[in-house]
Amino acid sequence: MVTKSEETQLNSLENQVDNGGGGAWEYLCLIRKLKVRRSDKVLKHGLSILNDPKQRSTLGNEEWTLYEQVAVAAMDCQCLDVAKDCIKVLRKRFPESKRVGRLEAMLLEAKGSWELAEKAYTSLLEDNPLDQIIHKRRVAMAKAQGNISVAIEWLNKYLETFMADHDAWRELAEIYVSLQMYKQAAFCYEELILSQPTVPLYHLAYADVLYTLGGLENLQTAKKYYASTIDLTGGKNTRALFGICLCTSALTQLTKGKNKEDKEGSQLQSLAAKVLEKDYKQRAPDKLPQLTTALNSLTLSS
Amino acid sequence: MHVGIRAMAEDLVLDTAIRDWVLIPLSVVMVLIGVLRYFVSMLLCSSQTPDAKIVKEGQVILRARNLRTGANFVPSKSFRLRKIYFCNEENGLLFVPKGQVQNPQAQMFSDPNMAMDMMKKNLSMIIPQTLTFAWVNFFFSGFVAAKIPFPLTQRFRSMLQNGIDLSTVDVSYVSSRSWYFLNLFGLRGLFSLILGEENAVDDTQRMMQMGGFGFDPSKGLSAEKDNIDITQHDWALPYCEQRAEAVLRKVIS
């Protein structure tokens, strides 16, 4: 994940470059380091550097890294001719390279020739069975073709070997949620929380999945995870606040007969409701009446 | 290191020539040798094709470690599920049956490539160190080079004052051999600045690695297994509700 200071640095560099202030190379290096996906900017500024022979020669050996970066950005923006030119230049320079082979396979994938790309990836994997990027590209291809079950299968096999790759777990969780396989999605989110316990995003997503699964125990757990999200974000996450309100009202509906935990829960809910109202008053005052009616209906039904 | 210039009652006055001709040249030489060693290692390094099994084991260890550190953030059922998955006696991921423990060590010595790599790494470290040490001893011995700013016990005398044969000199006054050792361990920061962050030539780490090379994979697994077996699950989430209440109260007020 990108930290806040890195994000501000990136944005300020981006502003500077966009307004003609130079520093394009540092901007591109920072994007490469942080692995951010800003392909249109990369394409624009990268091409401006590459088309200018003076600037290109000052890069020295980094020129080839820039070619690779621009090729990938071009494929992302569907400017396939630009990508093809870049790859051709790279191929001339590095005739035997597997890295260039990977780029060529990606170009086939971008063009939409799935079988050729699949063949290219499989042959690349035979030479180098531990290349993480190629594995992930195969999953992405299966997903793009709409073949979600195959994507899940590939991703699971990838995770059997590379089980500490939290990006892959995240992707798997999102696929499962899209297929409504919530139990499996919950497992993936647990893995993510284990590896990065201080990222509120995962707590929130896990709480959402648990709330969707329903059932007394899951609702109680979901409420706790919404609370931890609020704790981690300092009360600013609107979704978590709504989550608390919904969870509490669902819980009280389920436990209508038993009055034990009413007192503890209602404080959190009323606090969350107050914070929501305050937030809406500040940011979206015209929606405030809708919010109050919704919250009142929640408390009424509980 | 403090080259004392002010004359106090017990202090020795060290000639500034020592600083100019001993301390600085020694540091410069060590930096240059480090840079040279880096370039030589770049030339000599052979690309290692990672073994699938080793990669998988590394990832398993990472995941197990995450389980241990994040255990209090997931519900107890999930934790127990994963604990069994990792530590199960029959097919748990971390369980290594005793017969297989011997393999990595045997493999290390029988596999010629790995042995060559080990040799190269060790040689590239030992030879410059030995040569520099011999050079320091030959040229820069027999006089006090510097004064350490904090007092030391007498036991360090033999280590730090090897060339100085006066037993009455305070142990804080050391010979150039100790300056050499200080540079050896301390120049890592400088190398990471010069050579880029990942390429710092770190002797201390390499020396530690020399001690433990064969045993890392299998011992890592069983160590992680023991660690997970020990871990108790203390769910931190229930406290979160109270903390969230406090946070929200602060937001409202």
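How many residues of chain B are in contact with chain A? The answer is 36 residues of chain B, touching 38 residues of chain A, where contact means heavy atoms within 4.5 Å. What you're looking at is a predicted model, in which local features need pLDDT of at least 70, side-chain atom pairs count only at pLDDT 80 or more, and totals for chains, interfaces and linings use all residues. Residues are numbered from 1 along each chain as its sequence is written, chains are lettered from A and ligands numbered from 1 in the order written, and side-chain values use heavy atoms, with hydrogens and water left out.

**Where the chains meet**
- Chain B and chain A bury about 3100 Å² between them, with 69% of that on carbon and sulfur atoms; buried area is the accessible area (1.4 Å probe) that two parts lose on being put together, summed over both.
- On the chain B side, Arg63(B), Glu241(B) and Leu248(B) lose the most area to chain A, together 20% of what that side buries.
- There are 4 salt bridges between the two chains, each a side-chain nitrogen of Lys or Arg within 4 Å of a carboxyl oxygen of Asp or Glu.
- Arg82(B) makes a salt bridge with Glu191(A), and their closest N and O atoms are 2.7 Å apart.

**A cavity to look at**
- The model has 3 cavities of 30 Å³ or more; a cavity is a set of points on a 1 Å grid over the protein atoms alone where a 1.4 Å probe fits but cannot get out.
- The second largest cavity has a volume of about 50 Å³, volume being the space filled by probe spheres set on the points, which are joined across faces, edges and corners.
- Its lining (residues with an atom within 4 Å of a point) includes Glu191(A), Trp169(A), Arg63(B) and Asn66(B).
- H12(A) gives the largest share of that lining, 3 residues; helices are DSSP runs (H or I, at least four residues), numbered from the N terminus.
- By type, the lining residues are 4 nonpolar, 3 polar and 2 charged; Asp, Glu, Lys and Arg count as charged, Ala, Val, Leu, Ile, Met, Phe, Trp, Tyr, Cys and Pro as nonpolar, and the others, Gly among them, as polar.

**What the record marks**
- An unreviewed UniProt entry puts "domain: EMC2 TPR-like" at residues 100-209 of chain A; such annotations may be inferred rather than shown by experiment.
- That span of chain A is 82% helix and 0% strand, strands being DSSP runs of E, at least two residues.
- For chain B, an unreviewed UniProt entry gives "transmembrane region" at residues 21-40 and 126-150.
- Residues 21-40 of chain B are 100% helix, while residues 126-150 of chain B are 56% helix and 8% strand.

Methods
1 Å grid on protein atoms, 1.4 Å probe; cavity = no way out; pocket = protein on both sides within 12 Å on 5 of 7 lines; lining within 4 Å.
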